[in-house]
Amino acid sequence: MVTSSSLVYLIGLPLFGAVFLLLIGRKADKWGHLLATAMSAGSFVLGLLHFFAMTNRSTEDRAITQTLFTWIEVGTFKVDAALLLDQLSICFVLLISGVGTLIHIYSISYMSHDENRRRFFAYLNLFIAAMLLLVLGNSYLNLYVGWEGVGLASYLLIGFWNKKPAYATASKKAFVMNRIGDMGLSFAIMIAFATMGTVSFEGVKESVDRVGTPALTAMGIMLLIAAAGKSAQFPLQAWLGDAMAGPTPVSALIHAATMVTAGVYLIVRSNFVFDAAPTAQLLVVIVGAITLIFGAIIGMAKDDIKKALAASTMSQIGYMIVGAGLGPAGYAFAIMHLLAHGFFKAGMFLGAGSVMHGMNDEVNMRKYGGLRKAMPITFITFGLGYLAIIGVPPFAGFYSKDEIIATAFNSGGAQGIILGSITLLGAVITAFYMTRVMVLTFTSKARWDAGVHPHESPALMWLPMAILAIGSVTAGYLFTQGEALVHWLSPLFAKKEEYEELLPHSVVSILAISAVIIGVSIALAKYQFRPVAAIAPTDVSFATRLARNDLGQDVVNEAIFMRPGQGLTQGLVVMDEKVIDGAVRGIGAMAVGSGATLRRTQSGYVRSYAALILVGALVLLAGIWVVTQ
Amino acid sequence: MTLTIIMMLPLLGAALIALIPSAQERLVKQVALATTLVVAAATLFKAMSFDVDNTELQFRQSYSWIPSFGINWGLGVDGIALVLILMSVILAPLVILGGWNESEGGRWGVKTFYILILVLETMVIGVFAATDLFLFYVFFEAMLIPIYFLLGGYGSGERAAAAVKFLLYSLFGGLLMLASIIGLFVISGQNGGVTFDITELSELHTLMSSTTQNILFLGFFIAFAIKAPLWPFHTWLPDAAKSGSAGTSILLLGILDKVGTYGMIRFCLSIFPDASKTFTPVIIVLSLISILYGAFLAIGAKDIKRLIAYTSISHFGFITLGIFAMTTQSQSGATLYMFNHGFSTAALFFVAGWMIIRRGSSTISDFGGLQRVTPIMAWSFFIAGLSGLALPGLSSFVSEFLVLVGTYTRYPVAAIIATFGIVLAALYILIPVQRALHGETTPGNENLKDLNLREKITIAPVIAIIVFLGFYPSPLLKIINPAAAHIVQQQGYSDPAPTMNGGK
Amino acid sequence: MDPYNYLYLAALLFTIGAVGVVVRRNAIVVFMCIELMLNAGNLTLVTFSRINGNLNGQVVAFFTMVVAACEVVVGLAIIVAIYRSRRSASIDDASLLKR
């Protein structure tokens, strides 16, 4: 049986793959992708072994820790390099390495024509390693290493085709906006150390009840900023759409299934902080609710299939954040939605990749249509994911989203009603924009460009899609069977408070299903039964234009941060040269100038020098005489 | 092997080089490299016997030099000095190897270049090891001579002007410090015998009025702030860095500038504890300005070497902040930061230097798409840059975070402002990375050669140190911690306890 | 005889020498004036030695003489060299160093 001492290999295998493939160079071009896939699969197998071992242990002994070495120790600040595997992290380990391995397999085929495939796989391995470190670290600082590690991997992968300046800019934008979030995480760690003297999850959990609410609220808000940066939540959401510049498997793995959900992980992991800081918790819900609608609105207007899916990811993570913000009642459902989303969204992104593969890398859905017949397997797997995301029973999304909506309604008072309505509205919009994607791509009339011959992708590509589709069908049922996931995770969280049910569960389910029907019908009416223009119409309402431009997020960021920042930079450059260096050079010029003036006295005539010496001597004597008198 | 002997080894090498006919340039370089390697090996060997649990100065040596003024040839190191000496002696052979051809085409030939570097190494070891204030001052000022000639004779562009600017700035600071030293000398003479020994001087502060202390403190502090450099005493640095050869810039920014921050710890804090307390708010504000100001100017920089210089100003802001925040975390972090900054700046300058030699230009926009043409060089630059932006897993993260977390426990607002620097750091590194490495390959860059074996051998250990210390900084922290804790304690501070009720 | 008279004489000699240095142009004359001032100094030293009754002043006077002799050797050599190269012994012509 596996023991805690093997935890390090979960991270070690893909890390080795990444470093080895990057160092060895072109020699490994022929087999590098196989090694990387094997490393990721190795992590998955090891994760499975740990999972089974964990299920065999009693509830109290499930969490295991491996301490590798003392990382930083200065005075009372002591951080071990230690890994913690508990009920929460094992979910993520399996998701990351499982979906990760599938995407490795997919990429073997998808990237087969790219001359830098080995480098791509090295980056993927690097990402898997960093992401596993993120979820396995036993302290906020260990998490931070993984946190920035995935940011780096994301930067490298978004900019994988950085020959295009726009792609290089997109990767930089993602990294910088993530760094703003990282700053939040830094603050949270500083607050934890200053108030509790520890930065480990366990230490903070134990100390929470001895800390005043203001400090915890501050820490919670900082954690929320961190989560918003990584999970593309309002107001740090602007990078996700541009991040679609990366190869599609990257979008599936990093920007749909795993990395962007790290924010949800962080909030759920820090449940003890948020439970004690209601203000921060409320902010979490607000941020989640805003993003949920924000993403959904953008999703309605996008014609780029990857950007539509990215907007959808943003919106779905909004659901998770809302769930996580609802406290002990919602944590498990947030994780459930996260896992289900990992399956169906990754599957759909891979489907989008498959479509692009068949359509000469075209991403504009208005140029698609009728692919149902040309790409049947892609259609079916994508379709299953579609049914899951809009929440049709009995697919995965139905269970998880349903639970979040119900919990939102039942969170009490006016907040419950508002929140419930927002999540329900989100469900309508989700059904609308996903049906739009589905119809535009697969079921409407073909609007292909000349010379495009869509074809089904090879087995290496559709097999992972099929497996993910199976996941999207069954996951919800498996998780909710006897409340399996809720029970599994419950030891980590505070006890749920008993509350009065505003609406019984069955009513919520009916509401949710009606929401789906409404959304789907509108979309069908608009796109299935009416011809779609192959070129996006330009005479659209202001609202549509706004949504196409991501609700002006870039305009706002540019106006508030970028331009003033650039202005400040330019101003400081001028000031440094003119004022500070100018003052220095001014002193220099003054010395030269005074020298030039004094030089006139140096006539070169010995006699005048002698006369001056004489006068000087007389003055000195007179001075002495005056003083001694 | 005593510190004095280690110190004299480079001089011996310099003497050997002087005997070699100047036509044999290869032999000159080999002897120089061999000498610095021997010095590095000897220092590492010596460091093995350093007792990490002892907060006193170790390896002490003291010989009477000018008895009538109480001046001794006094050497000794604590953890902080040892770490800085290690950094210097490890960087020295790398500088020689990395800039193998830098000395050619200089004003005075190859031999002089290496003699100057070796003489400088002696003085650097001396300045970090001196326990006698006068001896320190002699080395502090004498260091200017070799670096002045290295800058003025072997640089590029307006090298003479930059060298003069550097010299005048440094002399100005040095003279202020000399005035303060004379003041200390007089005061020590009035109170039981003249002395320059820093241990004895550090007991003198009880006898000084606060005004005297403040004035003398400022003399020292301004000298060190110019050296470090701290805003607003920084404008010599970008000029010097731009004009110097890559090797010279590494010696200047990586090693010599550390004398400033080291001096703050060793002299400002220990001799004038009360004045240090008085000026702490001012210094913290200056540090914060340095952090943000340096970062903004780095973002706006168009020249790659000026950019690195501005990032250094930002990093020195962090170091000064750590020193004056007065917690064990920030103090240890500051010293570790000095060490790490040496290597990450060295990595940046090495690669920048090679890029400039190949392209014949140091303007960032002249590069572009290097990742496809010269992948190894591009990767080296990228990793060095990541170290500059303090990515977790690389050494500078540990030190930067220690400074921030240590500062936060005492001065939360300052720590929060300083943390904004990490967002700016992402910008000032990724903007040049994008311009120089990504995008289309700009015309004129298609045939650039990738790193050769010598350059790979130079950069590999630097990157290895950066990565290794990122994951396992304990060997250094073990050396630094007792000394740093000792300084905090000596200043009459103790770490703020966790603010929660009934803290453990 | 009152030893102070010697001091007056020395002061007179020194003044003549100093004025000579300042007003005359011929290098040889200036040179002689400098010698005059040196000897005025010597006279003062010897006089004080006599007044105070110790030999220190006389010893220093010997030093001065030696220095003066050296100076004559070097100075005359320079003047001769200048005269040879410039055909003039005027010190105002030798003002090249200011450039």
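A residue is called buried here if 20 or more other C-beta atoms lie within 10 Å of its own, exposed if 12 or fewer do, and partly exposed in between. The model is predicted, and by that criterion 55% of the 629 residues of chain A count as buried, while for the 99 residues of chain C the figure is 13%.

- Chain B and chain C do not touch, and their nearest C-alpha atoms are 23 Å apart.

**Chain C**

- Chain C contains 3 helices and 0 strands, in the order α-α-α along the sequence.
- Its C-alpha trace spans about 50 × 25 × 20 Å along the principal axes, and the radius of gyration of chain C is 16 Å, whereas a compact globule of 99 residues would have one near 13 Å.
- Among the contacts in chain C with a separation of 6 or more, 47% are accounted for by residues 24 or more positions apart.
- An unreviewed UniProt entry places the feature "transmembrane region" at residues 6-23, 28-48 and 60-83 of chain C. In the model, residues 28-48 of chain C are 100% helix, with end C-alpha atoms 30 Å apart, and residues 60-83 of chain C are likewise 100% helix, with end C-alpha atoms 33 Å apart.

**Chain A: overall form and two helices**

- Chain A has 25 helices and 2 strands, and its C-alpha trace spans about 115 × 65 × 60 Å along the principal axes.
- Of the contacts in chain A between residues at least 6 apart in sequence, 81% join residues at least 24 apart.
- Helix H2 (residues 32-56) of chain A has 25 residues and reaches 37 Å from its first C-alpha to its last, close to the 36 Å expected at 1.5 Å a residue.
- The buried residues in H2(A) include Gly32(A), His33(A), Ala36(A), Met39(A), Phe44(A) and His50(A), and the buried residues of this helix pack against helix H1 (7-24), strand E2 (77-85), helix H3 (87-110) and helix H4 (117-136) of chain A.
- Gly519(A) is placed in helix H22 (residues 505-528) of chain A and counts as buried because 25 C-beta neighbours lie inside 10 Å.
- Although Gly519(A) and Ala427(A) are 92 residues apart in sequence, their C-alpha atoms are 7.9 Å apart in space. Apart from neighbours within four places in sequence, Gly519(A) is in contact with residues including Val428(A), Ile429(A), Phe432(A) and Thr435(A).

**Helix H18 of chain B**

- The 26 residues of helix H18 (residues 412-437) of chain B should span 38 Å at 1.5 Å a residue, and the end C-alpha atoms are 38 Å apart, which agrees.

**Backbone details**

- Most residues other than glycine have a negative phi, and most peptide bonds are trans.
- Asn360(A), which is not a glycine, has a positive phi of about 55°; Asn360(A) is found in the loop between helix H15 (331-358) and helix H16 (371-374) of chain A, and counts as partly exposed because 13 C-beta neighbours lie inside 10 Å.
- Asp361(A), also not a glycine, has a positive phi of about 60°; Asp361(A) lies in the loop between H15 and H16 of chain A, and counts as exposed because 9 C-beta neighbours lie inside 10 Å.
- In chain B, the peptide bond from Ala228(B) to Pro229(B) is cis, with omega near -15°, and Pro229(B) lies in the loop between helix H9 (210-227) and helix H10 (236-243) of chain B.
- The peptide bond from Trp231(B) to Pro232(B) is cis, with omega near 0°, and Pro232(B) is found in the loop between H9 and H10 of chain B.

Notes
Residues are numbered from 1 along each chain as its sequence is written. Chains are lettered from A and ligands numbered from 1 in the order in which they are written. This is a predicted model: local features need pLDDT of at least 70, side-chain atom pairs count only at pLDDT 80 or more; totals for chains, interfaces and linings use all residues. Helices (H or I, at least four residues) and strands (E, at least two) are DSSP runs, numbered from the N terminus. The expected span of a helix is 1.5 Å times one less than its number of residues. Two residues are in contact if their C-beta atoms, placed from the backbone, lie within 7 Å. The radius of gyration is taken over C-alpha atoms; the globule rule is 2.2 Å times the number of residues to the power 0.38. UniProt positions are given in the numbering used here, feature names are shortened, and annotations may be inferred rather than shown by experiment.
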